[in-house]
Amino acid sequence: MIWGPTLANDGATFRLWAPDRDRVTLEIADGDAVPMTRDPEGWFEATASVGVGARYRFRLADDLTVPDPAARAQDGGVHGWSMVVDHDAYAWRIADWRGRPWEEMVIQEVHVGTLGGFTGVADQLPAIAALGITAIELMPVNAFGGMRNWGYDGVLPYAPAESYGTPDELKALVDRAHELGLAMFLDVVYNHFGPDGNYLGAYAKGFFHADVDTPWGGAVAVDQAPVHHYFVDNALMWLNAYRFDGLRFDAVHAIENDAFLDAMAAELREKTAGRHVHLVLENEGNDADRLHPAAFDAQWNDDFHNVLHVLLTGETSAYYADFADRPAERLARCLGEGFIYQGEGSPNHDGKPRGKPSAHLSPTAFVAFLQNHDQVGNRAMGERLTLLADRQALRAATALLLLGPQIPLLFIGDDHGSESPFLFFTDFHDDLADAVREGRRKEFAKFAAFADPEAREAIPDPNAQETFERSRARGGPDAADWQDLYRTLLTIRHAQIIPRLRGTTAIGAEAIGEGAVVARWTMGDGAILTIALNLGKEPVDFPDIGVLPIFSDGEPGHAASVAVWLDR
């Protein structure tokens, strides 16, 4: 069940799982057409005297050729030729890198395309490392239709997008990051394929469960052995061939198979032993059972973002309705127990229960953020908090993010106070482009601001080049002030918080005002960390800790203020 070509001294062996086909032919560009041998399970195999760089594809019928779904690189886009790659050929400069412990992570999420491809990201790394960020998370880099995309419309998970660069250029980016002491994470998508260039249904309908609905169609059939191996081997490729330090698994609730997740985590742990490798989930189900050291290190905690967004902006529509009632109490629960929804009914899910108890978990089992690609880009106009929230309140929330014991994640531009939008962008054409553009606008028809069809026309066309160009993060008018704040907070985090994080447990948290909370944790060395935050309009009394704060901003207890103490 090996997907993709295997190199040998005398050529390469090619395989394709095509159980719906009786005949498949391997076509070599400028070369021969080689009939493939079929086994009883639907695997086709052929060997050809070709080497690195050879271009190939599979012919299923006179009028249908397809790329290798496990191609390591493409030439001519997702409908073009696949290419043979030798992952062992790259000469790693930092060959002995073993990673960094999870407690040291301060992650910045970036979009490769908006930064100019793999080489463009590499150029940014020295400044990122100098600020105190310790890890970069790339939004998906798998090949997608067109030249521009968030990455979640990928159809060839093994092949880096051509518009970003070559496999070796991606390895050079990882190498450069390690040279600077930065860990590298990659966002991977195993719950669906994009709409342009996905040929699996033409030869392997069993790759999907047509009777299990997801937002993207039938669920991926990870309970089938070839499909299971397809995704697990892909994860291993990123971790071993490209030497990424961790993976973030997109929307695993849509996979609907916990046994697959657990088995995948176990195999990844086994085959990356001896390194610091970190596995992170996005899971709308708030499934605390998946979060333990032998499986997944942490989950993106949308609850943290959502309740703080309500407190910062006053917005309560759509999924923010789940956090509109008693937001300070909900934030206190988040700081003290991890998830806000731990089995309670969710109004945004028609009252269905969401989540499992999480108070027993370490604070480091939760990745906290004020913004990410989803929370900015899924807004109609892609606005950032710099345009939606009071500046002083945003500073206070930033201190909570960077000095709290959860693992913090920043979005590209946060540390420069960027006011640039991050919009939803694609590069589809013809009928698909029309469907994506109109579908995007219809999504917002239920919002009062876009109830009028003319108002919806103002929503940027995802396929327009301008939409992509506007999404490049540029520093805001007070970028220097935001840089100073982030540098100060991260200096404190590295000196005072990170060395004490392992073994940290929550003491508790409580609301002390309409928009104010105080939270306390026992750090691994016994020190007590206390954070008081007021995002409300009325003054409150911050606690008297008896020691000077290690950080404070705003007049203590007044609106938009924060104070942080470490009692040793």
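**Note on helix packing and salt bridges**

1. Asp 325 is partly exposed, at 44% relative accessible area (buried is under 20%, exposed over 50%, partly exposed in between; 1.4 Å probe, protein chains only). Its side chain meets that of Arg 326 in a salt bridge, 3.2 Å from N to O (a side-chain nitrogen of Lys or Arg within 4 Å of a carboxyl oxygen of Asp or Glu). Arg 326 is partly exposed too, at 41%.

2. This is a predicted model: local features need pLDDT of at least 70, side-chain atom pairs count only at pLDDT 80 or more, and totals for chains, interfaces and linings use all residues. Residues are numbered from 1 along each chain as its sequence is written, and side-chain values use heavy atoms, without hydrogens and water.

3. The structure holds 41 salt bridges. One of them joins Arg 333 to Glu 337, with the closest N and O atoms 3.3 Å apart. Both residues lie in helix H6 (residues 327-337), four residues apart, about one turn of the helix. Helices here are DSSP runs of H or I with at least four residues, and strands are runs of E with at least two, numbered from the N terminus.

4. Asp 525 and Arg 500 meet in a salt bridge at 2.7 Å, N to O. The pair links distant parts of the chain, 25 residues apart. Asp 525 is partly exposed at 49%. Arg 500 is buried at 14%.

5. Phe 304, Leu 308 and Leu 312 in H5 meet residues of H9, among them Ala 393 and Leu 401 (contact means heavy atoms within 4.5 Å).
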